[in-house]
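Good morning, colleagues. I should like to take you through one structure this morning, element by element. Please have the sequence and the model open as I speak.

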Amino acid sequence: LDAIDSNQEFVGNYVTAYFGKQGGTAGPVYVGAIICFLFVLGIFLVKDNLKWWLLAATVVSVFLSWGSNFAGFSHFFFNYFPGYNKFRAVSMILVIAELTMPILAMLTIREIVKDPGIIKAKIKLFYLAFALTGGLSLITWLMPTTFSDPATDENRADVTQTMENRGIDKSKQDAIIGDVEQARIAIVKSDAMRSFLFILLAAGLLFVYSRKPFSMPILAGALGVLMLIDMYGVASRYLSDTKGNYQEVKTNSFQPTAADIEIRKDKDPDYRVLNLTVNTWADGSTSYFHKSIGGYHGAKLKRIQELYDSSLTYDIRRVGNSFGQNATDSSIQATLARQSNIDMLNVKYLINGYYDEKRNVVYYPIENRSACGHAWFVRESKIVDDADAELAAVRNFAPLKTAIIDKKFESQISGFKPIYDSAAYIKLLSYEPNDLKYESSASSDQLAVFSEIYYDKGWNVYVDGKLSTYMRADYVLRAMKVPAGKHQIEFKFEPSFYYTGEKIALVGSLLLFLFIGGGIYMDRKERKAASPKAA
């Protein structure tokens with residue numbers, strides 16, 4: 001990136017080096033250039049039929065890791081192989097290749113050590129293996145855009161979106177995109193030449209060994225050192241800082257900004273925060289200080305993901321776009337009031353930022369005055385036919401007035417129409433992740449919506465200590481009919497499968513100790529019985 005001048009900070013800090021078709025990647029699955037060379041060479045030299053199983057497993061693993069880029073193959077496994085659809089990312093299947101490729105590489109070394117002359121006897125195959133790995137690396141270095149192009153419309157769109165999120169002026173965007181493409185090509189060329197050199201050194205070492213064999217420990221040690229240097233060089237990109245020092249995970253990894261400090265003055269026990277200065281769905285810093293509306297989790301509830309994809313992402317984008325040069329507090333609040341998903345999820349604060357004269361980011365909080373709060377009584381319910389209709393309905397509605405309810409829950413409110421009571425209230429008394437307590441008061445039966453995610457596999461609700469029922473509303477939230485009068489409402493997480501698992505674990509632990517104790521007892525008994533005979 002040294003060749004990039006004025007845009008170096010942006011390109012280096014805010015644009016990823018990766019530009020392929022994998023949706024999100026934090027690091028590569030890297031087995032090493034030398035292992036790849038030995039793996040290909042092993043296909044030609046290893047005589048054991050095990051190599052075909054290793055090759056087949058590797059190929060299947062790579063094909064499956066392509067996911068939607070080889071959709072027919074991937075969908076076949078997804079639909080017909082038990083357990084395969086439980087993996088959170090298709091790239092996880094590459095763990096098979098990470099096992100099979102080194103095994104075949106080691107079998108290759110064993111074959112050469114047993115018969116060094118095998119390389120001389122099959123020199124054309126040796127050159128072919130080198131061409132398929134080292135030659136391919138050299139071609140990539142000479143023509144870096146042959147197999148991947150950082151200048152595709154898709155890649156440009158990703159960079160453009162990042163620039164817009166960072167507030168980069170449109171007049172500068174073309175120049176920055178050009179710099180990004182130059183930087184990515186430089187990275188490809190650098191790694192291609194790096195791989196070529198490692199393969200060349202490994203191939204040269206084996207070639208010399210085949211002509212004048214030296215001791216096997218020297219060969220193993222030399223190859224081991226080359227592999228270690230290769231693997232360390234890549235690993236250090238992800239495990240160390242720019243100075244080569246290993247990073248330690250510390251409790252103070254995230255430092256609060258002025259916006260974080262200001263928001264944390266609010267002693268409300270339960271509200272959510274939207275940080276507009278980061279990638280909403282890949283950020284962990286906001287969750288360190290607040291209950292974030294975003295963040296990342298590999299096992300996210302599908303219903304939450306569907307809400308994000310269908311409407312919440314667009315709500316967030318519209319809010320972000322409202323912070324223009326002529327934006328005022330009233331215009332921003334007006335935009336927030338129209339984003340029903342943000343309001344119903346009780347996003348009480350937003351974090352935004354701007355660059356000062358020294359190009360430092362200044363963060364500041366915005367209170368969302370239209371947030372619905374922890375829970376509220378609605379004036380009406382709207383029954384829809386199915387989940388698809390429910391998802392479509394929550395894209396634009398008035399959450400404080402209407403509850404969108406799937407027809408499957410209609411029996412719980414059949415014939416019920418809440419009567420508006422201006423004096424009625426429902427408020428949160430205490431909050432724990434597994435125990436939420438509310439107080440309600442109304443002169444007539446009401447329909448309450450709670451800004452908590454609906455999950456019936458473990459969550460129970462109690463009214464004045466008695467088990468009651470609740471339903472799903474607004475696609476992801478909880479709702480229930482609350483009787484007239486003053487009541488204590490409590491949601492508790494009491495998953496029966498957890499308690500069952502605890503009992504099974506206890507029984508298993510007891511059996512383990514019994515087996516160990518029994519084994520010790522039997523051993524001593526046998527020793528005691530054998531001692532007189534020995535005498």
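**Sheets, a cavity and a helix**

Five strands, in the order 7-8-14-10-11, form an open sheet with antiparallel pairing. Strands here are DSSP runs of E with at least two residues, helices are runs of H or I with at least four residues, and both are numbered from the N terminus. Two strands pair if DSSP finds at least two bridges between them. The edges of this sheet are strand 7 (425-432) and strand 11 (466-468), each of which pairs on one side only. From one strand to the next, the twist averages 25°; axes are lines fitted to C-alpha atoms, for helices over the stretch in contact, and angles run from 0 to 180 degrees between N-to-C directions.

A word on the basis of all this: the model is predicted, local features need pLDDT of at least 70, side-chain atom pairs count only at pLDDT 80 or more, and totals for chains, interfaces and linings use all residues. Residues are numbered from 1 along each chain as its sequence is written, and side-chain values use heavy atoms, with hydrogens and water left out.

Strand 8 (residues 435-442) and strand 14 (residues 485-493) are antiparallel and pair over eight bridges. Within that pairing, Tyr 438 has Ile 489 of strand 14 as its bridge partner.

Strand 10 (residues 459-463) is joined to strand 14 by five bridges, again antiparallel, and Trp 459 stands opposite Phe 493 of strand 14. To strand 11, strand 10 is joined by three bridges, also antiparallel; there, Tyr 462 has Leu 467 as its bridge partner. Strands 10 and 11 make a hairpin with two residues between them, and Asp 464 in the turn has a positive phi of about 55°.

Three strands form an open sheet in the order 1-2-3, with mixed pairing. Strand 1 and strand 3 (361-367) are at the edges with a single partner strand each, so one side of each has no neighbour in the sheet. Neighbouring strands here are turned by 25° against each other on average, direction ignored. Strand 2 (residues 347-355) and strand 3 run antiparallel and are joined by seven bridges; Tyr 349 has Glu 367 in strand 3 as its bridge partner.

Next, the cavity. The structure holds one cavity of 30 Å³ or more. Its lining residues include Val 273, Leu 274, Asp 283 and Ile 293. Strand 1 (residues 272-275) gives the most to this lining, with three residues.

Finally, helix 2 (residues 33-45). Its 13 residues, at 1.5 Å a residue, should span 18 Å, and the end C-alpha atoms are 18 Å apart, which agrees; the expected span is 1.5 Å times one less than the number of residues. Eleven of the 13 residues are buried, so helix 2 is largely enclosed by the rest of the structure. Grid points are joined across faces, edges and corners, and a volume is the space filled by probe spheres set on the points.

Technical notes
1 Å grid on protein atoms, 1.4 Å probe; cavity = no way out; pocket = protein on both sides within 12 Å on 5 of 7 lines; lining within 4 Å. Buried < 20%, exposed > 50% of the residue type's maximum accessible area, 1.4 Å probe, protein only.
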